[in-house]
Amino acid sequence: MENLNYKEEIEKATSENILENLRIKYLGRKGIINKLFEEIKTLPKEKRREKGQKINEIKKEITSLIERKKYELKKTQKEEFFDETLPGKLYKKGSLHPLTYVIEEIVNIFQKIGFIRVSYPEVEWEYFSFEALNMPKGHPARDDFETFFIEAKEHQKFGKMILSPHTSSGQNREMQRVKPPIRMINIAKTYRPNWDTTHTPMFHQFEGLCIDKNINITHLKGTIDYFVKEFFGKERTIRLRPAHFQFTEPSFEIDVSCGICLGKGKIDGKKCRVCKSGWLELAGAGMVHPNVLKMGGINPTVYTGWAFGFGPERCMMMREEMKIDDIRILYNGDIRFLEQF
Amino acid sequence: MNIKITYHWLLDFLETDASPFELQKYLSLAGPSIEKVENIGNDYVFDIEIISNRIDTASAFGVAQEAAAILPFFGKKAKLKFNPFEEYKFLKIIKEEREDNYKLKILIKEDNLCSRFSAIILDNVKIGPSPSFIQERLKAAGIKVINNVVDISNYLMLTLGQPTHIFDFDKISNSDGKSATMIMRQSKKGEKIITLDEKEVKLPGEDIVIEDGKERLIDLCGIMGGLNSCVSNNTKRIILFVQTYNKQKIRKTVMTTGVRTLAATYFEKGLDEERVEATLVFGIYLLKQYASAKIASELYDIYPHPYQKKKVITTFSFFQKIMGVDIPKKIIIKILNSLGFETKVYGKKLEVCVPHFRKYDINIAEDLVEEVARVYGYNNLPNNFSPPAQVFQPEEFEKIFKVSSKIKYFLKHLGLSEVINYSMISKKMIDQWGLKEKNHLKIKNSISKEIEYLRISLLPSLYKNIKDNEGKKEILKFFEIAKVYLPRENDLPKEEYRLGIAVNTDFFDLKGIFEALLLELNIQSFPFPKIVKKDNVFLVEIPLLLLIEKAKLLPKFRPINPFATIKLDKTFELKKDFAFEKIKEKAFQSPYLDKIEVLALFRNKLTLRFYYSAKDRNLTEEEAKKELNKIDF
């Protein structure tokens with residue numbers, strides 16, 4: 001038994017075939033090990049146990065040596081060239097309109113602070129788009145050049161049928177639907193008769209409305225500051241500038257600090273090309289005008305509120321990755337644009 | 001509206017230690033926004049955005065008034081040097097040396113055209129270049145320099161915020177040479193006037209015009225003067241003409257004729273009638289000084305409804321309620337006073353008298369809060385979250401947004417591209433689809449034939465998407481989720497969300513996409529919508545609500561069957577009355593059938609694989625075959 005040469009034989013093996021033959025030679029049914037076990041029977045009983053253990057050890061050793069040699073052979077085996085740098089299997093990638101992502105992001109940001117998204121008519125009566133927003137007849141926004149009118153019979157109470165030029169018409173609708181507290185956002189298609197590189201006759205607006213007891217300017221500021229930090233980044237800040245809108249008083253224009261020059265207006269001593277002296281116009285906002293509350297059936301001596309209106313397109317284009325020089329590309333359905341998103 | 005004035009122009013009225021850039025920074029936060037500051041020569045040009053209801057700030061003096069109120073709150077010294085409203089009074093003109101040799105015969109035909117009409121005739125005018133400071137300032141403001149008389153007219157507008165017009169008296173005088181007739185009236189539709197820029201304007205009607213009594217139009221009021229009455233190099237006598245007009249009429253004329261001038265932009269905002277007096281007087285001074293003019297008529301001033309003092313009453317606590325912070329009484333009063341408001345305190349109450357130049361934009365207590373808050377500084381107010389409140393999203397909205405989002409992402413991952421099309425389509429698209437024009441809402445004032453009708457189906461747009469993109473990409477698959485607008489009698493249209501899909505591949509591709517979507521939404525059974533084929537395009541459209549109603553968050557759980565499944569293949573010959581649907585119907589009559597798969601289709605030979613199992617034991621192959629054989633006809 002001591003003269004078994006398995007160590008050397010296994011060591012010298014140069015292929016898996018040779019190893020397999022060695023396995024059969026030693027460990028096969030008619031192999032050497034089994035023969036040795038057979039031989040045990042011829043030994044006296046007291047020696048059988050000792051001998052048996054020894055053979056078992058050799059069996060384990062051979063098994064282990066063969067497995068190890070197999071592993072070594074595999075390692076050194078020369079395989080065909082496998083190019084790992086080739087691309088993976090191609091999976092079809094579709095696309096969503098970039099505004100879909102932007103709107104989803106906006107909704108998520110406001111949902112976290114308890115605002116609900118609603119939806120109101122795009123084809124509206126003048127009353128909801130104007131009268132209810134403190135814009136009486138004769139206001140410039142109401143004329144043919146700012147609003148699309150529909151060929152339809154006038155409503156006795158609500159006036160002409162129009163395509164809503166803003167989402168603010170949802171303010172009165174929301175006040176009719178529920179009484180305060182109101183925390184709503186309304187993102188919808190809106191329409192105005194302009195069509196050039198910076199205007200499309202259909203675009204989106206995003207309206208926020210908060211009405212409750214004791215709502216003041218600091219709440220509006222805080223909410224918009226939160227949105228800006230979530231949407232554009234923690235380092236961005238806002239500023240409020242005086243403005244005029246019929247349906248808010250006081251009214252502001254909201255600017256966000258420029259992400260390129262970080263609000264300085266200059267980069268390396270040169271004027272920032274992106275912004276106006278460090279700031280970008282973002283939205284119009286203000287405290288809901290008492291007449292608007294009244295027309296919504298809400299007592300302005302008890303309740304106050306704030307409202308804002310943004311353009312999701314503008315929000316999108318203010319992000320670093322979306323520098324679009326002709327806004328019409330958003331709605332002309334060109335696959336070369338759409339498939340990028 | 002933007003105007004340009006210079007730093008030194010502003011300093012004619014304002015005494016301050018603020019630099020041009022400090023002015024920009026502080027005024028932008030609390031008053032008119034100075035969008036740009038540009039250094040030219042020894043002066044600086046401000047490009048200023050005028051807030052739409054603050055036309056009173058659209059001048060050097062107007063900005064100076066704002067600056068005098070705002071700058072001290074930013075630690076800068078500032079006060080008004082000179083107030084033209086107090087200095088330039090008609091009274092002074094009346095006292096001056098004058099010869100009333102000439103006359104105006106003025107007739108204003110209707111009440112609502114002109115709230116204040118003032119004019120004076122000046123003689124001995126010498127036309128020449130205007131002084132260099134006027135030339136430089138006008139150039140900085142982006143206004144063409146012409147001659148002393150015209151330049152002074154423009155200079156008045158940007159200095160005091162009130163446009164003026166100057167006529168050549170002799171060009172419109174009556175045969176006596178001593179008088180001129182001015183009839184202010186509304187234009188008749190189709191009347192024509194050749195304006196200063198030598199263009200003929202055909203009037204839409206109801207525009208404010210002036211006729212010279214000889215049926216000749218000499219002024220398209222508030223917008224541009226007539227060529228027939230304009231100042232030229234030979235002009236000797238002029239009429240200095242300062243008016244305030246009905247703002248709606250001016251705007252309508254601008255929008256319908258397309259003739260827009262800076263003057264019109266002022267008038268359409270509605271001007272303060274009190275400004276007319278100072279402007280006319282300052283104009284006479286400038287014309288005397290720089291065009292050697294002499295007063296040659298009485299002063300005409302038709303002002304039927306003079307300014308009445310206007311009061312707003314509020315409480316001090318109201319400022320805190322809206323601003324959210326406690327503002328000391330004396331700060332509130334200081335701000336209001338510095339903006340020209342007179343204040344009286346009655347305990348907790350505050351009575352505020354509105355200055356004439358703010359009479360159109362200050363009406364209620366909230367307007368006063370805005371004045372105090374902006375000068376106090378919005379940036380000095382803290383940022384707070386709105387207090388939390390329990391609000392519930394209507395289930396209908398919630399489902400629409402949730403399911404739409406799920407559908408969008410799923411279709412995207414299947415390789416489709418989302419598109420957002422205009423809600424409006426062309427007549428051509430309606431015709432192409434055999435739809436009826438009268439079933440669509442039509443836009444009365446559309447700006448293009450492409451967008452005249454509100455769509456009642458998404459398919460024409462999606463079809464167009466495929467056609468427009470042919471040649472750009474081989475395989476095209478689009479979807480859109482959007483509203484269609486279904487007209488209703490005497491009501492707003494029904495706005496219905498739809499899902500539309502269009503592909504240029506084949507029928508079964510589209511059918512497969514839709515079936516996969518149903519699976520994704522865990523919809524068990526669904527009446528399959530009709531797939532439309534137009535040329536090489538396959539399309540489908542359904543109301544989103546149908547999917548929303550049936551969509552489930554989780555599918556119904558089925559216990560895993562531990563018993564064997566027998567798979568059997570069989571080939572059928574398809575015929576009209578023996579289509580797949582029929583085979584399927586028959587096959588599922590077996591209680592053991594789990595599912596059917598299509599293996600191959602060759603001509604009309606269809607090979608199917610059937611999966612049979614029992615829920616309580618292992619089914620034998622013989623039993624399964626028996627089930628399968630039942631399908632034969």
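Two strands are said to pair if DSSP finds at least two bridges between them, and strands themselves (E, at least two residues), like helices (H or I, at least four), are DSSP runs numbered from the N terminus. The model is predicted, so that local features need pLDDT of at least 70 and side-chain atom pairs count only at pLDDT 80 or more, while totals for chains, interfaces and linings use all residues. Residues are numbered from 1 along each chain as its sequence is written, and chains are lettered from A, with ligands numbered from 1, in the order in which they are written.

In chain A, strand 8 (residues 248-257) and strand 11 (residues 279-288) run antiparallel and are joined by 8 bridges, with A:Ile254 standing opposite A:Ala283 of strand 11. Both belong to an open sheet of 7 strands of chain A, whose order is 1-5-6-12-11-8-7 and whose pairing is mixed. Strand 1 (116-118) and strand 7 (238-242) of chain A each have a single partner strand, so one side of each is left without a neighbour in the sheet. From one strand to the next, the twist averages 25°.

Helix 5 (residues 98-111) of chain A packs on this sheet, touching strand 1, strand 5 (182-191) and strand 6 (202-212) of chain A, and its direction makes about 165° with that of strand 5. Here axes are lines fitted to C-alpha atoms, for helices over the stretch in contact, and angles run from 0 to 180 degrees between N-to-C directions; two residues are in contact if their C-beta atoms, placed from the backbone, lie within 7 Å.

Just after helix 8 of chain A, A:Gly233 takes a positive phi of about 130°.

Strand 12 (residues 208-211) and strand 13 (residues 217-220) of chain B pair in the antiparallel sense over 3 bridges, and B:Ile210 stands opposite B:Asp219 in strand 13 of chain B. These two strands form a hairpin with 5 residues between them, and B:Gly213 in the turn has a positive phi of about 90°.

Finally, the two chains meet in a contact that takes 76 residues from chain B and 71 residues from chain A. Helix 15 (residues 395-413) of chain B gives the most to the side of chain B that touches chain A, with 8 residues.
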